[in-house]
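Me: I would like to learn how to read pockets, helix packing and cavities in a model. Can we take them in that order?

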Amino acid sequence: MAARHSRVLHRSLGRTPPRAIGGDGVWLIAEDGRRILDGSGGAAVSCLGHQHPRVIEAISRQASKLAYAHTAFFTSQPAEELADRLVGHEPGGLAYAYLVSGGSEAVEASIKLARQYFIETDQPRRQRFIARRQSYHGNTLGALSAGGNAWRREPYMPLLSPAFSHVTAAFPYHEKRDDETEADFVARLAAELEAEFQRLGPGTVAAFIAEPVVGATAGCVPPPEGYFHAVREICDRHGALLILDEVMCGMGRTGTLHAWEQEGVTPDIQAIAKGLGGGYQPIGAMLASGRIIDAIRDGSGAFQHGHTYLAHPMACAAALEVQRIIDDDHLLDQVKVRGTQLERRLTERFGNHRHVGDIRGRGLFWAIELVADRAGRTPFDPDLKLSQRIKATALESGLGCYPAGGTADGRSGDHVLLAPPYISTPDDIDMIVDRLGRAVDDALKSIGQ
Ligand SMILES: Cc1ncc(COP(=O)(O)O)c(C=O)c1O
């Protein structure tokens, strides 16, 4: 008889992951009873940890009233309240929320809205998008076209849109030259972006899209000082929009509700997800400036896009409660304080580690990058699959973290991303770093280091 295997198409066909059967604050509980400290909230999702009673209650309250009504016919109370909460005070001029079911959908909507805006304002030649290498914007084809991660793009290359081109990542550890100051580096990146506008023809560019703090593909890379100022100036000068993808780094993860608040710039369109609903329901949103929506209102009168599950009432109810809790419990202050602790502990544990080349991040969003040789910043051979080994050794030591490969150039390089829940205690942070330290050393030992 054939061995019984899962009918779920899991990420790996070679191995069915352990079953998660429960959650309890910062802990995930596996079927065998093991408790795993969720040091990365999955992929920077579970900002309130698991099974928060207020969110569970909000979901069940909404479920008992109305689970679903199609947005072609109805709006709902939770959708209206969530949008009011997100953009009622028009942060940075963002005045409308388009509520979708995840990050990729939020990015797709952002791209399409930018395109439609230029059609409606008589600039149909604007059909090009500039993005950055080593970025991640999602896995649907539009979002993947925007993304700059070589490994993720490669198999789908023939299907990806030629409307997207990519410039150098604002990634100091790998891209800044030793003889450059930070200001020189920013000036070089700005000159490259300007040159890309000129190459394409400035009147053909619809938008520049970037993650303010790069997440999954590069590992918590904050921008160099002044970078987004320079980007904003170039976009404005050429009449292009700035789309900021805060799917991973937004909604408080870096210590401010929006990561762009720390850059002194505002986007025209923003994508959010993950921390919006904290994993309690699948939800994302595109936030759009009033200027863009007004132009469409004065034109065709409708955003030409849509999905069946737009503004899903239960998802909106969950996200609304998550955002209320973040406010009520002053969790952004917690992110800052615990973030400082996390940085300090990571520096103590890994600052002199001979295979940790860089420790970087912001708020409760930090990564360490593993290197074979610190002086040369040389990555390990990707065939060693170091990041995957760390994932396994971490799980063995009771830690959930988010390691990934391809950090340096989409193929080689390894990092481990941490994104602890905002409710983490000082002891939780200490435990995350201790367990990560053990996991990294065990994984290195397994490759003879
Ligand atoms: C910056 C960024 N954009 C978009 C996405 C895609 O989001 P989702 O996986 O919810 O479709 C992600 C997911 O990791 C992300 O980190």
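Reply: Start with the term. A pocket is an open set of grid points with protein on both sides within 12 Å along at least five of seven lines. The model here is predicted.

Me: What is the volume of the second largest pocket?

Reply: The second largest pocket has a volume of about 650 Å³. Its lining has 27 residues, and those closest to the centre are Y96, A97, Y98, L99 and F303.

Me: Now helix packing. At what angle do α8 and α9 pack?

Reply: Helix α8 (residues 182-200) and helix α9 (residues 227-238) pack at about 20°, and their axes are 9 Å apart. Angles under 35 degrees count as roughly parallel, so α8 is roughly parallel to α9. The crossing of α8 and α9 is right-handed.

Me: Which residues make the contact?

Reply: From α8 come V186, L189, A190, L193, E194, F197 and Q198. The α9 side consists of Y227, A230, V231, I234, C235, R237 and H238. Sorted by class, the contact of α8 with α9 has 10 nonpolar, 2 polar and 2 charged residues.

Me: And cavities: how do I tell one from a pocket?

Reply: In a cavity the 1.4 Å probe fits but cannot get out, whereas a pocket is open. In this model the count comes to 2 cavities of 30 Å³ or more.

Me: What lines the largest cavity?

Reply: The largest cavity, with a volume of about 40 Å³, is lined by V167, T168, L189, E192, L193, F208 and Y227. Helix α8 gives the most to this lining, with 3 residues. The class division is 5 nonpolar, 1 polar and 1 charged.

Me: Which elements give two or more residues to the lining of the second largest cavity?

Reply: First its extent: about 30 Å³ of space lies in the second largest cavity, and V186, L189, A190, L193, Y227, A230 and V231 line it. The elements giving two or more of these residues are α8 and α9. The largest share, 4 residues, comes from α8.

Me: How does the lining of the second largest cavity divide by class?

Reply: That lining has 7 nonpolar residues, with no polar and no charged ones. Its residues V186, L189, A190, L193, Y227, A230 and V231 are also among those in the contact of α8 with α9.

How values were computed. Residues are numbered from 1 along each chain as its sequence is written. This is a predicted model: local features need pLDDT of at least 70, side-chain atom pairs count only at pLDDT 80 or more; totals for chains, interfaces and linings use all residues. Side-chain values use heavy atoms; hydrogens and water are left out. On a 1 Å grid over the protein atoms alone, a cavity is a set of points where a 1.4 Å probe fits but cannot get out, and a pocket is an open set with protein on both sides within 12 Å along at least five of seven lines; lining residues have an atom within 4 Å of a point. Grid points are joined across faces, edges and corners, and a volume is the space filled by probe spheres set on the points. Axes are lines fitted to C-alpha atoms, for helices over the stretch in contact, and angles run from 0 to 180 degrees between N-to-C directions. Angles under 35 degrees count as roughly parallel, over 145 as roughly antiparallel, 65 to 115 as roughly perpendicular and the rest as oblique. A crossing is left-handed if the near helix is turned anticlockwise from the far one by less than a right angle, and right-handed if clockwise. Contact means heavy atoms within 4.5 Å. Ala, Val, Leu, Ile, Met, Phe, Trp, Tyr, Cys and Pro count as nonpolar, Asp, Glu, Lys and Arg as charged, and the others, Gly among them, as polar.
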